[in-house]
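Here's a quick walk through a few spots worth looking at in this structure. Keep the viewer open and follow along.

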There are 2 protein chains.
Amino acid sequence: MIITVTPNPALDVSYRVAQLNPGRSHRVRDVHERAGGKGLNVSRVLHGQGIRTLVVAPVGGAHGDAIREDLDAAGIEHLLLPVPGPTRRTIAVVAEEDTSGEATLFNEPGSHLGEADWQRFRALLTTRLAGAPVLVCSGSLPPGCGADSYAELVGDARSRSVPAIVDATGPALLAAAEAGADLVKPNAVELRETTGQDDPVTGARQLRDRGAAAVIVSLGPDGLLAVTGEGSWRAAPPFAVSGNPTGAGDAAVAALAAGIAGQQDWPERLRNAVAWSAAAAAAPVAGTLDGGVLREISDRIAVQPA
Amino acid sequence: MIITVTPNPALDVSYRVAQLNPGRSHRVRDVHERAGGKGLNVSRVLHGQGIRTLVVAPVGGAHGDAIREDLDAAGIEHLLLPVPGPTRRTIAVVAEEDTSGEATLFNEPGSHLGEADWQRFRALLTTRLAGAPVLVCSGSLPPGCGADSYAELVGDARSRSVPAIVDATGPALLAAAEAGADLVKPNAVELRETTGQDDPVTGARQLRDRGAAAVIVSLGPDGLLAVTGEGSWRAAPPFAVSGNPTGAGDAAVAALAAGIAGQQDWPERLRNAVAWSAAAAAAPVAGTLDGGVLREISDRIAVQPA
């Protein structure tokens, strides 16, 4: 089954308010909580598409308990390492009278994860790596984790012939590329911040030069750019899908992981990644796909050499 | 000891961010949590001034546990009734680069508290009422609680000759006045929303006509208006204190409760209420007073007949 690693998971809390007025007091109409974090969202998408997946994450405190319960309720398999620091929260505020549909997000940094706990986590993950079709490492590292943490996991995966995907940014992304990650997937802003290159093709080539076998850059509503050893492509949806952008990138990663597991060729992986991403943007919550958008869009994605 | 009732307590979470940009994602620099809710803040102020106080509140879930631990750590006495619904959160977002100093608040509505649990809560409170110098009822009622809930507590207090202060708004405030509350303390906006009167003196007289023995209206930086059976006064600070407005009203209530317990006359109560309120506005967190402001301001508050 496809393994996702979420080193810094979160209890995602969403608030519905009428309007958002900075400096004022707001009555929250509705509170929803669910297990979150980028790798966990990838698993949620895979699970929703009937693809077996395992969530691996460190958890602590009451929010950690809530994550375990939510995954159990969703029927998603997990391997959770209890750690001393409490799991963080994120808050998403959705203003109903704001037509942009953009949520305002507050992301807590997360608790410190010490070197000993990280190595325990790495050892736990290793017990399940052999034979896995893909390892996905997604999202921020918790405070205390070194920038080479994902690179270590990439090494663990490669030594067991498991392809590794890393969705990260900055020094953690660079180190993962240098460790020979099979695929790294920054978005355009993350790629620019990491490489200093304004042009995504130049930035993606730079990560390939560093050691990543393939680089896929998400370009928001414009789709994806892929720079791989087999060629370079751009994949674009037939129309822009507005709505919830949170999780669109995670859905793209889920499709790419499924495509690598299913040994699809790159154009097919990219088509699915754009379709799942658009279907995730149209869905109300991260980790789910809008079935109507998925059916409507899947055969209409243009994949062209870049 | 002065008893405070907080029917809808909260775990107050505060976030420090650089700027607040609606529709964007924010990295939270700092997370602080503490036991909150208006009655609880009143007790915190009293405790800080060396006045004995007891917090009475229903609590549930992990946030309820956190409230209990925080009160224990602060050394504040409490009588907490475990209830099924989890205690709510509030989130206060402080933007460091925003010079207004106004936090953006998100107040969860709280869990449903059924009639049976309310009556259990009322019975628990009653065990401690006899001999108490004052009962303070503060803040919103949880969903499920009828508008006459505070009125019931006022009746319980009055039948034991315990003076009752109610800091509430809307139908709960009206019902408390009609039940003969010794003191009600809306702010100007709450008074207008409750009575429909633009002029605070007219609105305050209306609440007195309904049955409240005294009405004190907080006017923000302009101080307080008092309409009582012994006379009417305005009490104003010598200068406006900018800063954290959260909890300034609770500090005023704490001073009024202490003044009733200490059998001060109205002008003295009002002087202290304005001083504590300004000192609370100048303090970084609700429930604490800025000692410097308190010393500087206490002798310089003008109390004049209204």
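## A helix tucked inside

Helix H5 of chain A (residues 170-178) is largely enclosed by the rest of the structure, because seven of its nine residues are buried. Buried here means under 20% relative accessible area, exposed means over 50%, and partly exposed is in between, using a 1.4 Å probe and protein chains only. The buried residues of H5(A) are A:Gly170, A:Ala172, A:Leu173, A:Leu174, A:Ala175, A:Ala176 and A:Ala177. Helices (H or I, at least four residues) and strands (E, at least two) are DSSP runs, numbered from the N terminus.

So what covers those buried residues of H5(A)? The cover includes helices H4 (149-158), H6 (188-195) and H7 (200-210), along with strands S10 (164-167) and S11 (183-184), all of chain A. After H5(A) comes A:Gly180, with a positive phi near 85°.

## How to read the numbers

This is a predicted model, where local features need pLDDT of at least 70 and side-chain atom pairs count only at pLDDT 80 or more, while totals for chains, interfaces and linings use all residues. Residues are numbered from 1 along each chain as its sequence is written, chains are lettered from A and ligands numbered from 1 in the order in which they are written, and side-chain values use heavy atoms, with hydrogens and water left out.

## A sheet with strands from A and B

Five strands make an open sheet with mixed pairing, in the order S4(A)-S2(A)-S7(A)-S8(A)-S3(B). Strand S4 (30-36) of chain A and strand S3 (25-27) of chain B stand at the edges with a single partner strand each, so one side of each has no neighbour in the sheet. Two strands pair if DSSP finds at least two bridges between them.

Strands S2 (residues 10-17) and S7 (residues 88-95) of chain A run parallel and are joined by eight bridges. Look for A:Val13, which stands opposite A:Ile91 in S7(A).

## Two residues: buried or exposed?

A:Leu224 lies in strand S13 (residues 224-228) of chain A and is buried, with a relative accessible area of 5%. Leaving aside neighbours within four places in sequence, A:Leu224 has contacts (heavy atoms within 4.5 Å) that include A:Trp233, A:Leu270 and A:Val274.

B:Pro221 sits in the loop between strands S12 (214-218) and S13 (224-228) of chain B and is exposed, with a relative accessible area of 54%. Beyond neighbours within four places in sequence, B:Pro221 is in contact with B:Pro237 and B:Ala240.
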